[in-house]
Amino acid sequence: MHTASIPGFFDLQVNGFAGVDFNTPGLAPAALAHATAAMAATGVTRFLPTFITCTLEHLAACVKPWLQNLSPAVAGFHLEGPYINGSDGPRGAHQVGFVQAPSVDDFKRRQDAAGGLVRLLTLAPELPGALPLIEYAVAHDVAVAIGHSDANGQQIRDAVTAGATLTTHLGNATARAMPRYDNVIWQQLGSDALTAGLIVDGHHLDPNTVKIMVRAKTTRHAVLVTDAMAAAGQTPGQYTLGSIEVTLDEHGRATRTDDGRLAGSALTMNRAVA
């Protein structure tokens, strides 16, 4: 019998894993090592710890343990916010009180707090100040993704011109009602310049939707992400995503305990690929 090896998986969006919430300040080195080893057991050899919308002070306290115990598996950090659309729908599970307008100065402070290791920034390009921030980030070797947004086609094209190259969890964190064609899903799906991250846990996207998205994007411009949080690889129960209480049910669906919105996932990358 012949066996074949493949490269390890690279996950661009991991909020936590194996009971460890990366959005909790002051994690112990043992907790970071445990989560990293648990991800490696699912085939993930490189990943971006992801920090959702929060204050600068909270971010600094969350990244500090990583900077002091940096694993070769950590390729940098992903900031998912705080420069997102604060409206219900596009905001997703993020806390509205921490949403901020895009600002180059604020991003510089967050990048400094992260030791210069922010490698991916998710923002809403329709917000005032977003385009200069995209240009600044890209000029300083930070990839920019469109996400938690209600942008129209022109705003998306402007973001691409400024340097955006990715979509964070296409089809999720969007308004419940939107224009039929000129909306944040179709316009990003049709953009050849944007590579789309997809969460294929059976809860974030319908399987037929995934099929259509991959056909439209092709495998060259579609990537799997888990958006995993602390419940990934765990049994049903109560978990956290920063200051958000999350319930993992028996079907593997992770939702805010207070309002039932999806809040990350319990997906592992080997299951996503399968």
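**Close-up views of a predicted model**

**View 1. The loop that carries proline 82.** Proline 82 is found in the loop that runs between β5 (77-80) and α3 (104-113), in a model that is predicted. The peptide bond leading from glycine 81 into proline 82 is cis, with an omega near 10°. Most residues other than glycine have a negative phi, and most peptide bonds are trans. Both Gly81 and Pro82 are among the residues in contact with threonine 53, which is the subject of the next view.

View 2. Threonine 53 sits in the loop between β4 (44-52) and α2, and it counts as buried because its relative accessibility is 4%, under the 20% cut-off. Its side chain is joined to that of histidine 94 by a polar contact of 2.8 Å. Neighbours within four places in sequence aside, the residues in contact with threonine 53 include Glu80, Ile84, Gln95, Phe98 and Val99.

**View 3. Phenylalanine 51 in strand β4.** Phenylalanine 51 lies in strand β4 and is buried, with a relative accessible area of 2%. Not counting residues up to four places away in sequence, phenylalanine 51 touches Phe22, Asn23, Leu59, Cys62, Val63, Trp66, Phe77, His78, Leu79 and Glu80.

**View 4. The largest nonpolar core and leucine 121.** The largest nonpolar core has 49 residues, and those with the most contacts inside it are Phe22, Phe47, Phe51, Trp66, Phe77, Phe107 and Leu121. Helix α2 (residues 56-68) gives the most to this core, with 4 residues. Another core, of 13 residues, lies apart from it and has Ala231, Tyr239, Leu241 and Ala263 among its members. In soluble globular proteins, nonpolar side chains tend to be buried together. Leucine 121, leaving aside its neighbours within four places in sequence, is in contact with Leu79, Gly81, Tyr83, Phe107, Leu133, Val142, Ala143, Val144 and Ala145.

View 5. The buried residues of helix α5 (residues 153-162) are Gly153, Ile156, Ala159 and Ala162. An α-helix has 3.6 residues a turn, so residues three or four places apart point the same way. The buried residues of α5 pack against α4 (130-139), β7 (143-146) and α6 (184-189). At the start of the helix, a side-chain oxygen of asparagine 152 reaches to within 3.2 Å of the backbone nitrogen of glutamine 154, while just after the helix glycine 163 takes a positive phi of about 130°.

View 6. Histidine 169, found in the loop between β8 (166-167) and α6, has a positive phi of about 35° and counts as buried at 4% relative accessibility. Aspartate 227, placed in the loop between β10 (222-224) and β11 (237-241), has a positive phi of about 55° and is likewise buried, with a relative accessible area of 6%.

**View 7. The largest pocket.** About 580 Å³ of space lies in the largest pocket. Of the 27 residues that line this pocket, the closest to its centre are Gly89, Gly92, Ala173, Thr174 and Leu262. By class, the lining is made up of 9 nonpolar, 12 polar and 6 charged residues.

Key. Residues are numbered from 1 along each chain as its sequence is written. This is a predicted model: local features need pLDDT of at least 70, side-chain atom pairs count only at pLDDT 80 or more; totals for chains, interfaces and linings use all residues. Side-chain values use heavy atoms; hydrogens and water are left out. On a 1 Å grid over the protein atoms alone, a cavity is a set of points where a 1.4 Å probe fits but cannot get out, and a pocket is an open set with protein on both sides within 12 Å along at least five of seven lines; lining residues have an atom within 4 Å of a point. Grid points are joined across faces, edges and corners, and a volume is the space filled by probe spheres set on the points. Ala, Val, Leu, Ile, Met, Phe, Trp, Tyr, Cys and Pro count as nonpolar, Asp, Glu, Lys and Arg as charged, and the others, Gly among them, as polar. Buried means under 20% relative accessible area, exposed over 50%, partly exposed in between (1.4 Å probe, protein chains only). Helices (H or I, at least four residues) and strands (E, at least two) are DSSP runs, numbered from the N terminus. Contact means heavy atoms within 4.5 Å. A polar contact is a pair of N or O atoms within 3.5 Å; within protein, one must be able to donate a hydrogen and the other to accept it, and residues adjacent in sequence count only if both atoms are side-chain atoms. A nonpolar core is a set of buried Ala, Val, Leu, Ile, Met, Phe, Trp, Tyr and Cys residues joined through side-chain atoms within 4.5 Å.
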